[in-house]
Amino acid sequence: MAAERERRELLINVVAGLLDGIRHVAVGASSPIPAAGAMLLRARSELEGKPPVRISILGSQEHNFFTNGAIELFDCAAQGRVDAFFLGGGQIDGAGNINLVGTGAYPKSDVRWPGSFGSAYLYHLVPRVILFREEHSPRVFVPKVDFVSAAATTPEVKRRGGPYALLTNMALFDFDRSRGGFALRSVHPGYSSSDVRSQTGFDYVEPPVVPATPLPDAQTLELLRGRVMRELAETYPAFARTMLQAA
Amino acid sequence: MTEIVSLEALAADVAPGQSLAVPVVGVSMAATAALIEAGARDMRLICVPVSGMQADLLIGAGAIGEIETSAISLGEAGGAPRFNAAVRAGAFGLRDSTCPAILAGLLAAQRGVPFMPIAGIVGSDLLQVRPDWKVIDSPTGEPGKVVVVPAITPDVALFHAPEADRAGNIRIGRHRELAGMAYAARRTFVTVERIVDRNLMETEDSAAGVLPSLYVDKVAVAPRGAWPLPLWDEYPGDDAEVARYASMARSEEGFRAYLSGFLSQRRKVA
């Protein structure tokens with residue numbers, strides 16, 4: 001339990017770091033770790049006297065300041081008022097393309113996933129899209145996705161949005177939009193860069209010396225285990241409860 | 001004129017082959033049960049912009065001929081088992097979409113124009129599987145490519161809300177996508193928790209959260225009509241029930257057993 005809590009705390013801390021400097025982040029439903037990262041950033045910004053951070057959690061009544069229905073998030077993104085968003089993927093490839101539809105031939109997929117949601121649109125419009133997928137395995141990180149729900153780079157059209165980073169259980173990657181590929185930034189404690197290489201089905205750039213992903217410091221842990229978990233409990237009671245029980 | 005009818009009469013007025021638009025919030029599970037009881041079939045379901053247990057029940061019951069959606073998922077309870085099985089079997093026409101494209105299609109119908117331009121999407125394989133979507137050179141403004149999607153005009157929009165008044169005005173709060181469905185649809189059917197005697201249009205504050213009866217064709221009372229899904233300001237979702245569905249619906253037999261229990265449960269409430 002304690003190890004599981006530490007794993008989650010590390011991810012939450014990384015998410016908060018990736019969001020640094022943003023004004024408005026939108027978080028999809030069923031995303032407690034991204035939501036907690038956003039709440040950690042908000043709490044930190046407040047303590048440090050930085051500009052306030054807005055968080056929209058889709059499907060939450062408390063964290064929803066929209067009044068114009070389902071279209072408002074998408075309009076807001078088109079107006080440049082959403083700085084960051086999270087996307088996952090049943091498959092993610094080395095070019096940053098994501099697949100939320102299924103594997104094998106379309107439409108009779110071998111494995112069918114829910115569908116593309118708003119990804120095909122938001123990937124173009126939100127400047128800092130963080131790809132968050134906890135499972136780090138060759139079946140997720142493939143050379144080429146079977147179906148492109150949302151394309152990472154499209155030189156044929158002007159866009160402000162696209163992937164910014166990829167965070168998994170093992171590592172953190174940056175995305176280079178001019179090159180259209182990932183670069184390993186750090187590996188989480190407990191794993192080596194060769195573990196990451198063997199579990200990643202696509203090629204990526206790797207520095208000669210790969211740093212370890214930093215652990216949250218004492219002040220961060222205090223915020224995380226106190227205020228952030230209390231705030232998170234409104235939307236994700238079960239997740240917050242298991243985190244507090246592990247304490 | 002808005003008619004106030006029984007749930008059965010409301011469901012009986014959806015004909016086979018018609019397209020039915022349904023929302024994510026304000027889902028009429030009561031009418032879904034009534035449609036299945038009435039033997040609905042070959043319906044073209046339009047999810048605005050995604051769906052969950054409602055779509056999965058209709059699919060499992062064999063009521064769906066075609067589905068347009070951005071996703072079907074049971075949320076915390078996982079994937080939608082009947083949807084996934086039916087896709088693998090090729091049991092219906094599948095029109096994969098992305099959330100804002102469905103909202104844009106409805107907006108085109110609301111405005112009475114044949115299509116609506118929409119940002120993004122370029123590079124997505126959705127453009128390969130949706131030949132009805134086009135990439136055009138923007139005819140005005142800065143030169144560049146833009147995606148256009150055709151208008152979506154549902155035969156029927158169907159949702160559940162807390163209240164209607166006697167005139168058929170519906171309180172939808174800030175869930176404006178429910179109004180969007182009604183503007184676009186040929187007819188709109190609404191189930192409500194209750195019918196109130198006061199006029200919902202009486203004050204500015206109240207009227208701002210109302211879908212006027214002009215757009216509403218039929219209203220039926222269905223207490224706890226969204227159960228086991230949530231209804232804002234009224235009741236939370238019954239997550240344990242959705243999880244029970246998710247587990248039973250993994251097999252065809254389990255689904256049949258769940259469905260018969262669900263239908264009798266809904267009959268008891270009604």
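User: How many helices and strands does the secondary structure of chain B come to?

Analyst: This is a predicted model, in which local features need pLDDT of at least 70 and side-chain atom pairs count only at pLDDT 80 or more, while totals for chains, interfaces and linings use all residues. Residues are numbered from 1 along each chain as its sequence is written, and chains are lettered from A and ligands numbered from 1 in the order in which they are written. Helices (H or I, at least four residues) and strands (E, at least two) are DSSP runs, numbered from the N terminus. In chain B there are 10 helices and 13 strands.

User: Why is chain B described as being as compact as a globular protein of its length?

Analyst: The radius of gyration is taken over C-alpha atoms, and the globule rule is 2.2 Å times the number of residues to the power 0.38. Chain B has a radius of gyration of 19 Å, close to the 18 Å that the rule gives for 270 residues, so it is as compact as a globular protein of that length. Its C-alpha trace spans about 60 × 50 × 30 Å along the principal axes.

User: Which residues of helix α7(B) are buried?

Analyst: A residue is buried if 20 or more other C-beta atoms, placed from the backbone, lie within 10 Å of its own, exposed if 12 or fewer, and partly exposed in between. Helix α7 (residues 176-184) of chain B is mostly covered, with seven of its nine residues buried: Glu177(B), Leu178(B), Ala179(B), Gly180(B), Met181(B), Ala182(B) and Ala184(B). Across chain B, buried residues make up 53% of the 270.

User: What is the strand order of the open sheet in chain A?

Analyst: Two strands pair if DSSP finds at least two bridges between them. The seven strands of chain A run in the order β2-β1-β3-β8-β10-β11-β12, with mixed pairing. At the edges are β2 (54-57) and β12 (181-187) of chain A, each pairing on one side only. Strands β10 (residues 163-167) and β11 (residues 171-176) of chain A pair in the antiparallel sense over three bridges; Leu166(A) has Phe173(A) as its bridge partner in β11(A).

User: How many residues does each chain give to the contact?

Analyst: Two residues are in contact if their C-beta atoms, placed from the backbone, lie within 7 Å. Chain A contributes 36 residues and chain B 37 residues. On the side of chain A that touches chain B, the largest share, six residues, comes from α4(A).
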